[in-house]
Amino acid sequence: MTGPAAPHERQMAEAVTQARLATLGMLVAGLAHEINTPLGTLNSNHDVLRRALLRLQSILADEVVSPDELDEVRRVIAAVDSIIRVNDIAVERMTALVRGLRNFGRIDRADIDVVDLHEGIDSTLAILAHELREIRVERRYGDVPRIECHPQQVNQVIMNLVLNARQAMPGGGTITISTWTGDDRVFVRVADTGVGIPADCIERIFEPGFTTRGGRVGMGLGLLICRQIIEHHAGAITVESAPGSGSAFTVSLPVHYAGATGH
Amino acid sequence: MQNTVLLVDDEPMVALSLRSFLELETSYRVLMFTSPLEALEALEAEPVDVLIADFMMPGMDGITFLGRAREMKPLTTRILLTGYADKENAIRAINQAGLYYYLEKPWDNEQLKVIIRNGIERSALFNELDMRVSALEQANVELHGLRARLMEAFL
């Protein structure tokens with residue numbers, strides 16, 4: 001991309017930024033909880049390690065270890081071993097969350113980049129871990145090439161589709177995310193086992209302001225923005241739905257970016 | 001007799017952390033679960049002094065879990081460990097689950113240890129009270145029987 005961005009491009013970028021902020025705002029409580037759990041664990045474990053050390057120091061204070069004390073030492077070592085393994089999980093959880101947030105925002109990357117789509121999906125799912133607690137998520141990833149795109153924008157589309165799928169399943173269910181490739185394009189399908197979209201609404205779901213969820217702030221623009229982003233990438237978004245058994249949104253994107261302003 | 005603490009948290013890391021702490025610092029038997037349903041099955045089969053449940057768990061929240069546990073074993077002490085401290089849930093927990101303590105995450109190990117120790121004492125006192133009441137009821141029944149036989153003998 002060379003030269004200043006076209007007005008359309010700027011509008012699009014602004015709309016995406018706003019959508020992203022609205023989504024993140026909505027997710028903040030969940031994200032705080034997702035961080036609080038491993039943080040609380042590490043906090044407790046740190047205390048346990050300190051106690052374990054004190055215990056060992058007190059046993060070794062007289063430089064003699066009796067058979068009873070030896071059993072105690074073994075018990076302390078078993079606890080420390082378990083704590084260290086738990087710490088690994090907690091640290092990994094927090095790292096994945098931060099990695100997810102960074103990838104989602106792509107704060108450290110250029111506007112257009114060649115990216116691994118699966119990385120973007122995994123990041124989005126990491127951020128949404130809290131929202132998806134009662135949902136089974138199946139990843140059916142195909143062998144797809146890296147694609148040239150606006151990663152922030154594409155991540156926003158995936159985020160919206162996954163959140164819609166979640167909201168279609170208030171009582172729980174399964175979200176299946178599949179990817180495949182063909183004709184120099186990459187496809188992503190987000191399918192849920194939720195309530196589905198009534199036939200008289202399916203034509204209108206990409207219209208501005210269309211929502212079935214009441215007047216929540218920022219709602220009703222999600223799918224419109226998704227379609228704009230995808231069309232801006234010279235891609236397509238389609239939907240199939242069976243009321244009562246679920247919906248599936250399929251996004252196709254060209255492997256090479258051919259944005260609205262040319263390239 | 002060794003006292004038993006039953007833990008349920010769908011986050012294995014929290015459950016494991018609590019178990020490691022209790023195993024290092026106390027002599028309690030610790031039963032650890034990540035599924036509330038499995039925890040209820042264990043509660044049916046095992047004597048338990050103190051129950052510690054996470055609030056937000058898939059399938060069954062901690063308050064519902066503790067409420068069911070209360071129906072099964074009313075004398076067991078119930079503690080809710082929660083990352084969501086709000087008034088509405090606290091009230092619901094106290095009313096619905098007969099909660100002994102509402103503990104917020106991140107928790108303090110020393111405080112937790114004291115709460116559990118007090119909870120065990122509380123359960124023991126309730127159990128003793130229950131036994132005494134049963135014994136009194138039994139004695140009362142026997143007394144009534146004796147009285148009836150005395151009446152029969154003298155009247």
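**A:Asp81**

I started with A:Asp81, which sits in helix α2 (residues 67-105) of chain A. For the record, helices (H or I, at least four residues) and strands (E, at least two) are DSSP runs, numbered from the N terminus. Buried or exposed? A:Asp81 counts as exposed, because 11 other C-beta atoms lie within 10 Å. The cut-offs: buried needs 20 or more other C-beta atoms within 10 Å of the residue's own, exposed means 12 or fewer, partly exposed is in between, and the C-beta atoms are placed from the backbone. I also checked A:Leu49, 32 residues away from A:Asp81 along the chain, and got 9.9 Å between the C-alpha atoms.

**What I'm looking at**

This is a predicted model, where local features need pLDDT of at least 70, side-chain atom pairs count only at pLDDT 80 or more, and totals for chains, interfaces and linings use all residues. Residues are numbered from 1 along each chain as its sequence is written, while chains are lettered from A and ligands numbered from 1 in the order in which they are written.

**Chain A overall**

I counted 5 helices and 7 strands in chain A, in the sequence pattern α-α-β-α-β-β-α-β-β-α-β-β. Of its 263 residues, 30% are buried.

How confident is the predictor? The mean pLDDT (confidence in each residue, from 0 to 100) of chain A is 84, with 87% of residues at 70 or more. Among the elements, helix α1 (residues 7-60) of chain A is lowest at a mean of 84, and strand β5 (residues 185-192) of chain A is highest at 96. I flagged residues 214-220 of chain A, where pLDDT is below 50 and the stretch has 6 contacts beyond near neighbours in sequence. Where pLDDT is low, the predicted coordinates should not be read in detail.

**Strands around β5(A)**

I followed β5(A) next. Strand β4 (residues 173-182) of chain A runs antiparallel to β5(A), joined by 8 bridges; strands pair if DSSP finds at least two bridges between them. A:Ile177 has A:Val190 as its bridge partner in β5(A). The hairpin of β4(A) and β5(A) has 2 residues between the strands, and A:Asp183 there takes a positive phi near 55 degrees. β5(A) is also joined to strand β7 (residues 246-254) of chain A, antiparallel again, by 7 bridges. Which residue in β7(A) partners A:Val188? I found A:Val251.

**Chain B sheet**

In chain B I traced 5 strands in an open, parallel sheet, ordered β2-β1-β3-β4-β5. β2 (29-33) and β5 (101-104) of chain B are the edges: each has a single partner strand, so one side of each is left without a neighbour in the sheet. Inside the sheet, strand β1 (residues 4-8) of chain B pairs parallel with strand β3 (residues 50-54) of chain B over 4 bridges. B:Leu7 stands opposite B:Ile52 in β3(B).

**Where the chains touch**

How many residues does each chain put into the contact? Chain B gives 16 residues and chain A gives 23, a contact being two residues with C-beta atoms, placed from the backbone, within 7 Å. On the side of chain B that touches chain A, helix α1 (residues 12-25) of chain B gives the most, 9 residues. I sorted that side of chain B into 8 nonpolar, 4 polar and 4 charged residues. My classes: Ala, Val, Leu, Ile, Met, Phe, Trp, Tyr, Cys and Pro are nonpolar, Asp, Glu, Lys and Arg are charged, and the others, Gly among them, are polar.

Terms used:
pLDDT is the predictor's confidence in each residue, from 0 to 100.
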